[in-house]
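Here is a short briefing on one protein structure. Keep the sequence and the 3D view open while you read.

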Amino acid sequence: MGTYADLVFLGGRVVTVDAEFSVASALAVTDGIISAVGGQDDVAPLVGPGTRLVDLRGATLLPGINDSHLHGCAFGMATPPLSLDLGHPAVSSLADVAEAVREAVGRVPGGQWITGHGWGTGYLDECVSDPKRLPSRCDLDAVSPDHPVVLYSFSGHATWVNSKALELIGIDRHTVAPPGGAIVADEAGEPTGLLHEGAQALVQNALPPLSRQERTDAIRSTLATLARLGVTSYTEPGLGPGGDGIMRGALGAETLDIYRRLLADGELTARLGVLLLPTGMASTAEEFARTLTALGEIGDADPRRLAIHGVKIFADGIVPNKTSWMHEPYVGGGCGSLCVGGETDDERIAEIDAIIRHAHVAGHQLGIHVTGDRACDTVADAFAAAMAEHPRPDARHYVIHGDFLTAHSMKVLAAHGFGVNMNPTIKWTVADMEEEFVGAGRAAYAWPYRDAIDVGVRVASGSDAPVTYPDWRQGVATMVLRESKAAGRVSGPEQRIGLAEAIRTYTIDAAWQDFADDWKGSLEPGKVADLCVLDGDLLTADPHDIPEMPVVLTVVDGQVVHDTLRD
């Protein structure tokens with residue numbers, strides 16, 4: 001380590017996120033490592049002729065943000081210029097979507113596929129005023145009769161296509177949906193152009209897979225966005241054979257190879273954790289075990305920059321599609337189900353138990369996509385059973401999403417040292433629309449941060465981009481306020497948490513999920529210099545103002561990757 005620091009920060013609010021959540025005013029970085037934290041006197045001896053002095057002028061210095069659930073390649077592909085932006089507020093109606101498609105038709109060669117991302121019925125005026133009114137091929141055919149159109153919902157669990165796309169894919173009234181999927185049909189039995197869950201694979205299989213260059217460009221676009229947002233680490237939750245049919249292969253095995261190449265070329269400007277995705281939805285335990293074994297031993301040259309932590313498994317779907325497995329019926333009926341192989345609930349429970357047990361015994365960390373309360377209980381119990389049968393210290397398994405974690409499932413997770421990865425920006429986005437599916441009480445409860453933290457579950461936060469934009473500032477505001485995006489109304493005030501707790505979910509507790517809390521996630525001497533500077537005093541700001549506070553500097557491993565202080 002050199003005699004003098006490379007970077008010294010003075011005159012700010014240095015939010016250390018140490019055990020006491022102490023706040024300092026100065027910090028020094030030497031050779032990529034935090035070398036001093038405290039006041040001006042603590043860093044003064046480290047200032048030399050080559051030291052960059054940063055006067056924070058009251059700004060907030062935080063540990064680099066760790067978005068612990070973010071599909072990096074998919075996010076890059078789902079955002080302009082690679083895809084139409086169909087999220088709110090870019091579009092507010094079916095008519096707006098049609099207009100965006102019409103403009104795209106005028107820009108691209110005849111017959112070329114037009115793709116878009118981000119629509120949600122809760123933000124389309126016609127669907128809001130009449131919940132029975134759903135997007136349809138008819139909304140797109142008039143503006144794009146000859147170009148196939150495929151539009152992905154913000155959730156990633158529904159796809160909307162036009163008649164030309166249905167024709168090219170080969171979907172008609174006689175097409176049988178794959179297991180775990182649905183082809184929505186009208187009263188006459190004709191496909192409407194909406195495909196849910198596993199049926200989306202029919203579209204993916206018809207599209208040309210992403211080229212290596214397209215995937216590389218997408219990841220580079222994502223890395224640039226994350227640097228501007230102060231995000232220094234993220235988890236790619238599912239790359240592998242099971243992702244080859246998702247978003248044109250954005251989650252496929254080749255994407256991991258591209259990340260490795262970017263790392264080797266010095267272009268990976270954020271730390272990356274990976275969950276492998278051996279199989280997709282509706283998998284059997286036998287198929288899962290065979291595929292996982294075929295992946296073999298996977299190691300990485302620089303585990304602090306790119307680390308494979310474990311495997312991802314899908315247990316159920318999502319609430320807006322009524323595919324989350326619930327104890328009590330949805331409004332209008334149905335309880336959803338597990339999305340693994342099996343004809344009955346008991347058979348599916350046995351399959352998810354066997355899948356979890358196999359991955360656990362093989363030594364992998366498990367991240368399980370699970371949303372419904374009955375599914376959460378099933379997965380938590382399966383975790384506990386696997387641990388009882390084959391004890392493993394510090395496995396750090398976790399539930400992904402955990403929208404409707406019950407008191408039982410939280411107690412089981414806490415007792416075994418397991419975690420949950422929640423999504424505050426999804427809560428912000430869907431809070432106003434979930435009541436029509438699960439009623440007011442359950443909708444308010446969704447993403448029970450307060451209860452989970454109080455019972456001792458380790459809670460990390462992620463954006464699930466491209467489901468939502470990876471803006472941790474909005475996530476922090478939502479955890480503190482529980483206010484919705486569309487109406488601004490409070491949803492579940494009893495589940496609010498404090499600012500310090502919210503920051504921990506994006507820093508030290510996200511680092512815990514990465515098995516890295518001993519070397520990143522807080523600003524303490526000896527830890528890596530992953531830093532985020534936010535203009536203004538985060539600790540005293542009105543939470544409503546946090547999403548607009550600019551990120552002015554981002555540092556990864558001591559290297560500046562975003563800097564507007566010198567502009």
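Which residues lie nearest the centre of the largest cavity? They are Ser155, Ile318, Asp403, Ile426 and Trp447. The model is predicted. The points below cover its cavities, salt bridges and ring contacts.

**Cavities**

- Searching the whole structure gives 4 cavities of 30 Å³ or more.
- The largest cavity has a volume of about 170 Å³, and 16 residues line it.
- Its lining is made up of 8 nonpolar, 5 polar and 3 charged residues.
- The second largest cavity holds about 70 Å³ of space. It is lined by 14 residues, and Gly64, Thr232, Lys520, Gly521 and Asp530 are the closest to its centre.
- Two strands, β8 (65–67) and β15 (231–239), each give at least two residues to the lining of the second largest cavity.

**Salt bridges**

- The structure has 27 salt bridges.
- Arg396 and Asp517 form a salt bridge, 3.0 Å from N to O. Arg396 is in the loop between α12 and β19 (398–401), and Asp517 is in the loop between α19 (508–513) and β22 (531–534), so the pair ties together parts 121 residues apart in sequence.
- Arg396 is buried, at 10% relative accessible area. Asp517 is partly exposed, at 23%.
- Arg271, Arg305, Asp530 and Asp557 belong to one network, joined by salt bridges that share partners.
- Asp217 pairs with Arg220 in a salt bridge, with the closest N and O atoms 3.7 Å apart. Both residues sit in helix α8 (residues 212–229), 3 residues apart, or about one turn of the helix.
- Asp217 is partly exposed at 35% relative accessibility, and Arg220 is partly exposed at 35%.
- Arg261 and Asp265 form another salt bridge, and their closest N and O atoms are 3.2 Å apart. Arg261 is partly exposed, with a relative accessible area of 46%. Asp265 is partly exposed too, at 44%.

**Aromatic rings**

- The model contains 4 aromatic pairs.
- One of them is Phe383 with Phe418, an edge-to-face pair at 5.3 Å centre to centre and 65° between the planes.
- Phe383 belongs to helix α12 (residues 373–389), while Phe418 is in the loop between α13 (407–415) and β20 (419–422), so this pair ties together parts 35 residues apart in sequence.
- Both Phe383 and Phe418 are buried.
- Over the ring of Tyr123 sits the charged end of Lys485, 5.4 Å from the ring centre.

Note on methods
Residues are numbered from 1 along each chain as its sequence is written. This is a predicted model: local features need pLDDT of at least 70, side-chain atom pairs count only at pLDDT 80 or more; totals for chains, interfaces and linings use all residues. Side-chain values use heavy atoms; hydrogens and water are left out. Rings of Phe, Tyr and Trp (its six-membered ring) pair if their centres lie within 6.5 Å; planes under 30 degrees apart count as stacked, over 60 as edge-to-face and the rest as tilted. Helices (H or I, at least four residues) and strands (E, at least two) are DSSP runs, numbered from the N terminus. Buried means under 20% relative accessible area, exposed over 50%, partly exposed in between (1.4 Å probe, protein chains only). A charge sits over a ring if NZ of Lys or CZ of Arg is within 6 Å of the ring centre and within 35 degrees of the ring normal. On a 1 Å grid over the protein atoms alone, a cavity is a set of points where a 1.4 Å probe fits but cannot get out, and a pocket is an open set with protein on both sides within 12 Å along at least five of seven lines; lining residues have an atom within 4 Å of a point. Grid points are joined across faces, edges and corners, and a volume is the space filled by probe spheres set on the points. Ala, Val, Leu, Ile, Met, Phe, Trp, Tyr, Cys and Pro count as nonpolar, Asp, Glu, Lys and Arg as charged, and the others, Gly among them, as polar. A salt bridge is a side-chain nitrogen of Lys or Arg within 4 Å of a carboxyl oxygen of Asp or Glu.
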